[in-house]
Amino acid sequence: MGSERLKTPELSETDDLEPQRSAPARTTALTNLWRIKKYLYPYRFRLALLWTMVLLNIASGLAIPPLVGRAIDGPIADRDMRGLWIIVGFIALLGAADAILQLSRRYMQTTTAMAIEADMRAGLYEHLQRLHTGFHDRWQTGQLLARVTSDLGMIRRFFAGGLVFAITSIGMILIIMGQLVFIEWRLALIVAASAVPLFLIGRKFFKGYLPAARSEQDQSGEVSSAAEESALGIRAIKALGRGPLMAARFEKEAAELRDRGINKSLIASRSWSGYDAIATAAIGAVLVFGSVMVAEGRMTVGDLTAFVMLQLALLWPIEASGWVMAHGNEAMTAADRVYEVFDTEPAIKDRPGAKAIDRSEVRGELVFEDVRFGYEDDSRDILRGVDLRVKPGETVAIAGKTGSGKSTLVSLPSRLNDPTGGRILLDGTDIRDLRLANLRSVVTTAFEEATLFSMSVRENLALGRPDADEADLEAALRVAQAEFVHDLPYGLDTRIGEQGLSLSGGQRQRLALARAVVVRPAVLVLDDPLSALDVHTEELVERALAQVLRETTALVVVHRPSTVALADRVALLHEGRIAAFGKHSELMAQSPEYVDVLSAEFERSTVEEVSA
Amino acid sequence: MTVMPAKQADKHVSWRGQAESAEADRTSAEVDDAASIKELRSQSRKLLGSMIRPHKKAIAFLCGILLVQNFTSMATPLLVMFGIDNAIPAIRDRGDYSVLIGIAVAFAVVSVVKYVCVRLYIAQSAKVGNAMLFALRNRVFRKFQDLSVSFHERFTSGRVTARQSSDMESIREMTENGVDDLVLAGLNVITITVVMLVIDPRLAAVTLLTFPLMILLGRWFNKVSTLAYRRARETVALLIVYFVESMGGVRAVQAYRREERDRELFAGLNTDNRFAQAKGHQQNAVMSGGMRGIGHLATVVVLVFGGWQVMQGNTEVGVLAAFLLYMKRFFDPLNELVQFYNVLQSATSALEKISGVLDEKVEVAEPEEPRSIDHPRGELRFDNVRFQYREDQVVLPGLDLRIPGGQTMALVGATGAGKTTIAKLVSRFYDPKAGTVSLDGVDLRDLTERDLRENIVMITQENFLFNGTIAENIELGKPGAGRERIIEAAKVVGAHEFIDALPEGYDTHVRKRGGRLSAGQRQLVVFARAFLADPRVLILDEATSSLDIPSERLVQRALRTILADRTAIIIAHRLSTVEIADRVLVLEHGRIIEDGHPNELIDHGGEYATLHRQWEDSLV
């Protein structure tokens with residue numbers, strides 16, 4: 001069995017959301033890099049100023065050497081100390097200007113690049129927030145993290161470093177080429193001819209390097225994912241003593257990353273190495289032909305010297321262009337990876353013309369009409385036509401066997417998932433015709449597994465209603481029997497969640513319940529909200545919760561007969577449909593499936609059977 | 001640097017809440033008094049040394065390549081000069097092309113040598129760099145695995161991820177870019193200094209006067225940017241912590257329409273990070289301007305002094321011209337190098353963070369002289385065990401408890417009574433502050449990790465599933481167990497039915513954190529995993545809370561068989577689970593207040609009897 005691999009799986013082909021593992025076409029990679037212009041636009045004036053400074057900086061850098069030459073040929077040769085002072089004065093001024101330009105343009109360059117990177121990160125974050133849970137279930141956090149950190153970093157570095165460098169280099173190459181043509185066009189042809197192999201090598205480089213860089217970056221995301229998962233699951237790993245196993249698996253991923261990194265560099269090594277060599281050979285060729293021309297009297301020694309000296313100055317930009325190309329390639333792959341996320345449309349979003357609803361006008365009638373739901377990769381639906389009418393103010397419990405689709409069903413009213421068939425109506429309107437933000441303020445869901453964030457208790461409680469005041473919070477805490485938070489070291493200001501105090505399962509669940517209660521929604525959806533509570537606490541919570549439920553429509557997933565007491569009616573979910581619907585006592589009398597799922601007798605009989 | 005300006009710190013407290021201690025999210029090496037910072041520096045140097053050591057030969061080889069490369073680079077202009085001075089007269093005067101041919105051949109050789117050097121260098125350095133990173137990654141991963149649960153709870157998974165992603169990335173960037181430039185520039189500086197000294201010692205001396213300026217500039221940058229980059233490592237870690245967490249909890253974010261607030265908080269961290277990152281780079285910009293300025297200053301001084309010398313007849317014009325050309329070649333690479341300094345500083349800070357992790361003391365450490373248990377009976381003993389998480393809150397004041405091999409014991413008590421703590425001590429997530437916990441008379445601290453985990457397995461409350469298939473997740477209980485045994489385990493705990501009904505059965509991928517399955521299903525998978533592990537001692541911490549009645553019934557039946565011949569500690573609030581126990585322990589504030597067979601306790605009419613009555617009532 002595939003025990004050695006616990007990584008992003010190859011899911012079925014229909015799965016369009018799975019991170020692409022194939023390299024992008026070169027053109028799309030370029031297009032994606034170009035699409036970043038949207039983020040450059042707000043900085044267009046600053047960028048224009050920046051580029052002006054870059055050009056001035058190049059000019060100031062290039063202006064100094066001729067002045068030095070003038071100083072030597074003029075005042076120094078003429079032994080004119082005064083003249084020397086004047087020229088040197090110019091050089092000093094120009095030098096100071098050059099230094100200041102260099103300082104300020106690099107300062108601006110880096111500041112702007114960082115700002116753009118931060119903007120892109122914020123944009124990506126916002127997009128990720130809007131993506132449906134199905135997307136998040138499939139993408140490892142490490143892969144997303146790699147996009148938000150290292151990929152954006154690569155793009156930033158290219159724009160702040162590589163691109164400026166490339167353009168400066170190209171500028172220098174053009175200027176020098178112009179000078180070369182001016183000195184001796186025939187020799188310049190040799191230099192131009194050397195550009196052909198450079199171009200060919202460069203093209204080949206692009207072809208090989210782009211997919212190699214992509215596969216390395218993908219693997220780097222896998223490594224981050226492995227690191228993240230093993231940190232989150234540390235208790236499970238330690239409890240089983242599987243640290244060494246996890247380390248071995250991690251090593252495999254890391255080895256893959258190493259190999260891909262080496263492979264990428266090998267591709268680079270095969271191409272860049274040609275650059276320096278070809279440029280050097282071109283100098284040799286110019287020297288040989290030039291010498292012949294000089295010997296034949298068609299060129300002066302001075303011109304040949306000047307020509308070759310200029311050509312020497314070309315060496316560095318050509319050599320560096322390999323490096324620049326690599327950077328450019330990496331930025332292109334990074335942009336491609338980033339836009340892969342940007343291009344994923346949120347599956348659950350506002351329809352055009354979605355209506356706003358007012359919380360105060362919601363009666364809270366919730367109707368499921370032939371609701372179906374299935375995962376893309378599963379031909380069998382989990383929900384196969386659920387019909388259910390919840391009257392305003394009514395509390396309906398959902399019962400069913402493990403895996404019968406209860407949790408799926410209750411994720412639908414707040415549109416955390418959308419049904420694949422049928423519809424859900426709130427006060428007669430399809431919930432997909434309501435504004436999402438609106439809908440979720442009317443329908444609040446508390447999950448069975450409480451997600452608490454590393455923040456203060458207060459922040460966690462007020463998650464769904466930031467404007468809740470102290471009295472609201474207190475009331476909710478009372479309902480959920482979560483007053484233990486006052487005994488925490490800093491009361492409501494204590495940091496909880498992973499980073500702070502670790503709470504017990506029961507405590508977490510009570511806080512999550514309090515959080516849902518704080519919102520005071522028109523429709524309250526609770527997924528087995530009391531599973532981790534002891535009998536005594538459960539009873540207290542139920543009593544308080546009954547008050548809250550009286551005022552709202554509620555769907556409550558239940559596993560226990562004790563929790564059923566909260567509900568006015570119970571719906572039994574069986575084989576994807578509502579198999580029975582009615583009062584607990586009625587169902588106990590009529591539905592054998594219901595009895596099987598929820599009979600207290602069974603719980604008791606279990607005990608007797610076991611303890612017998 | 002990890003101290004935040006007071007204002008920022010306040011801003012964080014408001015939503016992040018107050019942690020138990022300010023040091024909560026740092027390794028102990030990261031405390032920021034001057035001595036510790038210095039210590040951290042030296043540790044990170046040691047770490048770098050230990051990374052380089054296995055590759056000494058390869059690195060020497062790489063340096064050799066760079067020397068040759070440097071030599072060929074120097075040779076090119078010399079060949080040009082030689083060619084112009086000798087080949088042309090030979091042709092013109094004697095029609096002798098041999099010199100020119102010689103030059104052509106020399107150029108061909110130089111080109112080939114350059115090609116070979118560059119190619120070898122890139123390939124070899126990639127191998128060394130990646131191998132170094134590979135070793136470091138594994139070291140850090142293993143270290144995190146060794147560190148105790150309490151460390152992880154303090155440090156958070158986001159920070160663990162940050163160390164292994166963005167910090168590693170910083171180091172990778174250094175190994176990938178510019179080390180060769182650094183070495184080449186160094187070689188270049190040395191060679192050209194020598195050449196300048198040979199050409200004209202006095203002018204060279206004047207040029208060298210700028211050295212102190214450069215050193216001052218370098219030291220300034222080193223000092224300020226160290227702080228800036230340290231801070232940047234910290235801000236990016238905070239960003240990652242927040243990102244990882246809010247993406248992990250994205251369902252809650254969406255369900256509670258928390259997007260806007262969430263975005264605001266992220267934006268705050270994003271901006272902090274942006275400015276922190278920019279700071280080092282801005283300082284670097286200042287340095288690069290400064291370096292340019294120094295270069296120009298040197299030119300001016302040499303021009304004036306040299307010009308004066310020429311006028312005095314002490315030097316030739318040609319010498320001065322050559323000297324100035326060399327000076328340009330001296331400063332140009334240095335200017336390029338300044339940018340690499342950025343990368344270097346960033347990597348150094350990352351290395352510091354990582355060395356902090358590697359030096360963190362393992363609180364729950366492997367024994368130096370382990371003892372082994374040959375035929376474990378599974379007898380657990382607590383001898384006067386004291387434990388507290390925080391100084392002021394003693395959880396277990398002094399517990400004495402003996403659980404004979406094969407006994408199933410249930411722990412009952414209110415939240416905070418110490419039930420989970422007992423479970424965590426037995427599975428050695430923590431060590432007791434005083435007293436001993438022993439298995440068959442052997443202190444748990446004297447057992448190897450391997451022996452301990454083979455004998456004691458705990459099913460935790462969180463039902464953690466790893467990314468992978470269901471079969472893979474069950475198999476974690478006993479790696480290498482075949483498909484048959486996996487299915488058997490699933491059948492025993494009653495998970496087979498639902499697994500079999502999934503589209504790809506046991507090969508169904510559970511998705512991130514088991515998002516494909518319901519809480520109850522996850523619990524069953526975890527159960528199957530523990531069953532497959534087949535330990536002497538099994539600890540169930542609220543392991544059945546999410547199960548529905550039919551599933552629980554199956555699990556109860558299974559437990560009866562599973563637990564028959566092994567020691568078990570059960571923590572459950574459902575008394576249906578508790579009642580399969582041979583013995584019930586009622587805890588209050590870490591002390592045992594009732595101890596006996598369930599039926600005995602019911603008759604006895606104490607705390608347990610009350611709980612039992614409440615439970616009975618709840619069933620009606």
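Domain bounds here come from an automatic or database domain assignment. The model is predicted.

**Exercise 1. Domains of chain B**

Task: State which domains chain B is assigned and how far their centres lie from each other.

Solution:
1. Domain 1 of chain B covers 33-358, and domain 2 covers 380-619.
2. Taken over C-alpha atoms, the centres of domain 1 and domain 2 of chain B are separated by 55 Å.
3. An unreviewed UniProt entry places the feature "domain: ABC transporter" at residues 380-614 of chain B.
4. Over residues 380-614, chain B is 37% helix and 26% strand, with 31 Å between the end C-alpha atoms.

**Exercise 2. Helices α8 and α13 of chain B**

Task: Find whether α8(B) runs roughly parallel or antiparallel to α13(B), and describe their contact.

Solution:
1. Helix α8 of chain B spans residues 179-199, and helix α13 of chain B spans residues 317-358.
2. These two helices pack at an angle of about 160 degrees, and their axes are 10 Å apart.
3. Angles over 145 degrees count as roughly antiparallel, so α8(B) is roughly antiparallel to α13(B).
4. The crossing of α8(B) past α13(B) is left-handed.
5. On the α8(B) side, the contact includes Leu182(B), Val189(B), Ile192(B) and Ile199(B). On the α13(B) side, Phe323(B), Phe330(B), Leu337(B) and Phe340(B) are among the residues that take part.
6. Sorted by class, this contact of α8(B) with α13(B) holds 16 nonpolar, one polar and three charged residues.

**Exercise 3. Helices α4 and α7 of chain B**

Task: Determine the handedness of the crossing of α4(B) and α7(B), and sort the contact residues by class.

Solution:
1. Helix α4 (residues 98-146) and helix α7 (residues 166-176) of chain B pack at about 160 degrees, with axes 10 Å apart.
2. That angle therefore makes α4(B) roughly antiparallel to α7(B).
3. Their crossing is right-handed.
4. From α4(B), the contact uses Gly129(B), Met132(B), Leu133(B) and Arg137(B). From α7(B), Met168(B), Ile171(B), Arg172(B), Thr175(B) and Glu176(B) contribute.
5. The contact of α4(B) with α7(B) divides into four nonpolar, two polar and three charged residues.

**Exercise 4. The two chains**

Task: Count the residues in contact between chain A and chain B, and name the element of chain A that gives the most to its side.

Solution:
1. In chain A, 170 residues are in contact with 160 residues of chain B.
2. Helix α10 of chain A (residues 243-295) gives the most to the side that touches chain B, with 31 residues.
3. By class, the side of chain A that touches chain B has 84 nonpolar, 52 polar and 34 charged residues.

How values were computed:
Residues are numbered from 1 along each chain as its sequence is written. Chains are lettered from A and ligands numbered from 1 in the order in which they are written. This is a predicted model: local features need pLDDT of at least 70, side-chain atom pairs count only at pLDDT 80 or more; totals for chains, interfaces and linings use all residues. Axes are lines fitted to C-alpha atoms, for helices over the stretch in contact, and angles run from 0 to 180 degrees between N-to-C directions. Helices (H or I, at least four residues) and strands (E, at least two) are DSSP runs, numbered from the N terminus. Angles under 35 degrees count as roughly parallel, over 145 as roughly antiparallel, 65 to 115 as roughly perpendicular and the rest as oblique. A crossing is left-handed if the near helix is turned anticlockwise from the far one by less than a right angle, and right-handed if clockwise. Two residues are in contact if their C-beta atoms, placed from the backbone, lie within 7 Å. Ala, Val, Leu, Ile, Met, Phe, Trp, Tyr, Cys and Pro count as nonpolar, Asp, Glu, Lys and Arg as charged, and the others, Gly among them, as polar. UniProt positions are given in the numbering used here, feature names are shortened, and annotations may be inferred rather than shown by experiment.
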